Amino acid sequence: MTASFHAELYKLIPESHLLRKIHEVVDFSFVHELVRCSYCEYYGRPANEPELLFRLLFLQILYGLSDERMIQDAQVNLAYKWFIGLNPEEALPDASQLSRFRNHRLGASQIDELLKVIVKQCIEKGLIKSKALILDSTHSLAASQKQRALDVLRDVAKRLLRTVVKKHPKLEKKLPRQPELKKDQADAEKVMLHYLAQLGESVEILLPDHEGAISEKLQIAKQIVEDERLLANKGIMSAIDPEARFGWKSNTKSFFGYKNHIAMTEEEIITAVEVTGGSSDDGKQLPNLLKQSLELGLEVKEILGDTAYSGKDNLSKLKAHEIQAIIPLNPIVHNGGLKQEGFEYNKDADFVLCPAGEHSIRKALQGSKTSGNSRSLVFYFNVEKCKTCPLREGCYKPESKSKTYSIRIIAEQFKDHMAFEKSESFKKRMKRRPIIEHKNAELKRHHGLAKAKYRGLFRMRMQTLLTIFVVNVKRMIKLMDKMQPTS
Ligand code: SF4
């Protein structure tokens, strides 16, 4: 920016202003490289634009503003305008440019770089000294409402048909017509499922070289037709957000959306993230979160987490890497999970989910108390649901009075860890784990991660990465402040 006469006004911004500190400490120039591939070399935007737009996205998350509000506020707020590199009298880009930059520029880039770049800047400044990682997950509600299976099927068929006809009006007569359903028709969902499958097949035959919006809608239709849990209202639950999933926060509280799995150092810098549908298992994310953190050059000697991470594979992996597991055992999780395919234990809700998405309604401990080797945890399912379940073959015997799922509790191989769990050092280190819950609260309460702003896993991931970038920068400034000698 060439400073204009009016730039004198920027002297009014106090030296201690957060944005001045961020501007001084954080190098935002990486953005040009990050989005280079999405700009045309000869006819692209001015070179300063990517950083300006990224700084606007940054401010937007930092202060929790919508696209329109961000532009309106930046027009009149001296500190914002100085931070994005404009003179006071210069105009801001249109609000639509923000979403275009987010979706088409950042969206086409290696978006994971956002996290790597900021963690590397923290490492270079000597801000990360701890050799411990703390793991946890936090959920974000989907941007769409969950729907009944019949509504999902209807909507997806309607959208596919509309997209095809809009581009190829002549095909309208060749495509199967949506069936007329009676009110309360018992097999309405099956009829619609059959119609959607038929419609998808016809589109593929008539348009073998389909692309763009048609391919996208066709892909969703296929996913839905193949989703065995759909008719039980447990799989895909939104025609416009098919990657969002139903998950559990506790035994009684559920949510529809996504999960953000994070790893954080004791300095409260987030070093790794994975975003999944709401139904995913936290424990399975440990290897990936560890790998991401190690690839950044961090030394990891301890991992702190709740019982969800106490799976046998996780504990063995940590042992092989000589990493101490500060993770309390859960007999169900650490025995390697469930053996029958499709059954999943949910640690937050403490129940088992079956392949049809039904959860166990109670559990009981069976076997001799004196012999740990022969004890089992038995989970009971609602047989009324099993009787009409589309997946009952091989799972539930007709006329059976109960449907159970048992897990043997084998304590032997975890003796060492069980003894360690009782030690004072374990208990002391475990007290550090809750700091990640404060970080989750910060992400959600102050920076909008409680709810997805956009639909789809990819956009959720982008929102999460941008939000983490912002909270890491905030933390970086705090740590730098602490390093300053007090006068
Ligand atoms: S039969 Fe019962 S336990 Fe088996 S998948 Fe169906 S609802 Fe679940």
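**Aromatic ties in the core**

Phe-28 and Phe-469 are both buried. The model they belong to is predicted. Their rings form a tilted aromatic pair, with 6.1 Å from centre to centre and 55 degrees between the planes. Phe-28 sits in the loop between helix 1 (18–25) and helix 2 (30–35), while Phe-469 belongs to helix 18, so this pair ties together parts 441 residues apart in sequence.

Phe-469 also pairs with Phe-30. This pair is tilted too: the centres are 5.8 Å apart and the planes make 45 degrees. Phe-30 lies in helix 2 and Phe-469 in helix 18, so the link spans 439 residues of sequence. Phe-30 is buried, as is Phe-469.

Ring pairs join Phe-28, Phe-30, Phe-54, Phe-58, Phe-83 and Phe-469 into a cluster. The count of aromatic pairs comes to 16.

Now take Phe-54. Beyond its neighbours within four places in sequence, Phe-54 contacts Phe-28, Phe-30, Val-31, Phe-101, Leu-106, Leu-114, Leu-466 and Phe-469. The largest nonpolar core has 88 residues, and Phe-54 is among the members that touch the most others, along with Ile-22, Leu-56 and Leu-106. Helix 18 (residues 457–483) gives this core its largest share, 13 residues. A second core stands separate, with 25 residues including Leu-171, Leu-175, Val-203 and Ile-220.

Charges meet rings as well. The charged end of Arg-55 sits over the ring of Phe-83, 4.8 Å from its centre. Phe-83 is one of the rings in the cluster. Arg-20 places its charged end over the ring of Trp-82, 4.8 Å from the ring centre.

Notes:
Residues are numbered from 1 along each chain as its sequence is written. This is a predicted model: local features need pLDDT of at least 70, side-chain atom pairs count only at pLDDT 80 or more; totals for chains, interfaces and linings use all residues. Side-chain values use heavy atoms; hydrogens and water are left out. A nonpolar core is a set of buried Ala, Val, Leu, Ile, Met, Phe, Trp, Tyr and Cys residues joined through side-chain atoms within 4.5 Å. Buried means under 20% relative accessible area, exposed over 50%, partly exposed in between (1.4 Å probe, protein chains only). Helices (H or I, at least four residues) and strands (E, at least two) are DSSP runs, numbered from the N terminus. Contact means heavy atoms within 4.5 Å. Rings of Phe, Tyr and Trp (its six-membered ring) pair if their centres lie within 6.5 Å; planes under 30 degrees apart count as stacked, over 60 as edge-to-face and the rest as tilted. A charge sits over a ring if NZ of Lys or CZ of Arg is within 6 Å of the ring centre and within 35 degrees of the ring normal.
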